[in-house]
Amino acid sequence: MEEQLGKGYQQMMIGLIIFIAGAIWGGMVATDGMVAEDIYWPAVMMLSGAMITLLGTTFGTDHEDDRSNDLGDAIIELTDRINRLVGASDDSSDESE
């Protein structure tokens, strides 16, 4: 299975199990007299499982084509912009003195 899914396959499986457990728990507490707070923790559990699964697919692979590096690219771009703005403000304050 590791050959097909990469090194993050264990994280993906754990995330799917947590998601399914949250879905089953939510289904069991969803009765006629239910209120929204009854399914809060099952929903949190499902979202946590989904996040674990997505992180396993994003960062747990050895194949460049399978990776999602949008977040890393965005962070690098914002860092460059901030550095340019700080550099530009430093240059203008040096000229005024």
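Reader: How many helices and strands does the chain have?
Author: The chain has four helices and zero strands. Helices (H or I, at least four residues) and strands (E, at least two) are DSSP runs, numbered from the N terminus. This is a predicted model: local features need pLDDT of at least 70, side-chain atom pairs count only at pLDDT 80 or more, and totals for chains, interfaces and linings use all residues. Residues are numbered from 1 along each chain as its sequence is written, and side-chain values use heavy atoms, with hydrogens and water left out.

Reader: What order do the elements run in?
Author: From the N terminus on, they go α-α-α-α.

Reader: And what share of the chain is buried?
Author: Buried residues are 14% of the 97 residues. Buried means under 20% relative accessible area, exposed over 50%, and partly exposed in between (1.4 Å probe, protein chains only).

Reader: Take H2. Which of its residues are buried?
Author: Tyr9, Met12, Gly15, Gly22 and Gly26. Looking down the axis of H2, these buried residues fall within an arc of 150 degrees, so they line one face of the helix. The arc is that of the directions from the helix axis to the C-beta atoms.

Reader: What is exposed on the other side of H2?
Author: Ile17 and Met28 are exposed there.

Reader: What span should H2 have, and how far apart are its ends?
Author: Its 21 residues should span 30 Å at 1.5 Å a residue, and the end C-alpha atoms are 30 Å apart, which agrees. The expected span is 1.5 Å times one less than the number of residues.

Reader: New topic. Which residues form the nonpolar patch on the surface?
Author: Leu16, Phe19, Ile20, Ile24, Trp25, Met28, Tyr40 and Trp41, with about 860 Å² of accessible area together. Helix H2 (9-29) and helix H3 (40-59) are the elements that give two or more residues to this patch. H2 gives the most, six residues. Patch residues have over 30% relative accessible area and no salt bridge; like charges are joined within 9 Å, nonpolar side chains (Val, Leu, Ile, Met, Phe, Trp, Tyr) within 5 Å. A salt bridge is a side-chain nitrogen of Lys or Arg within 4 Å of a carboxyl oxygen of Asp or Glu. Areas come from the Shrake-Rupley method with a 1.4 Å probe; for residues, only the protein chains shown count as cover.

Reader: Why does Ile20 count as partly exposed?
Author: Because its relative accessibility is 48%. Ile20 lies in helix H2.

Reader: How many aromatic pairs are there?
Author: One aromatic pair. The rings of Tyr40 and Trp41 have centres 5.0 Å apart and planes at 80 degrees, so the pair is edge-to-face. Rings of Phe, Tyr and Trp (its six-membered ring) pair if their centres lie within 6.5 Å; planes under 30 degrees apart count as stacked, over 60 as edge-to-face and the rest as tilted.
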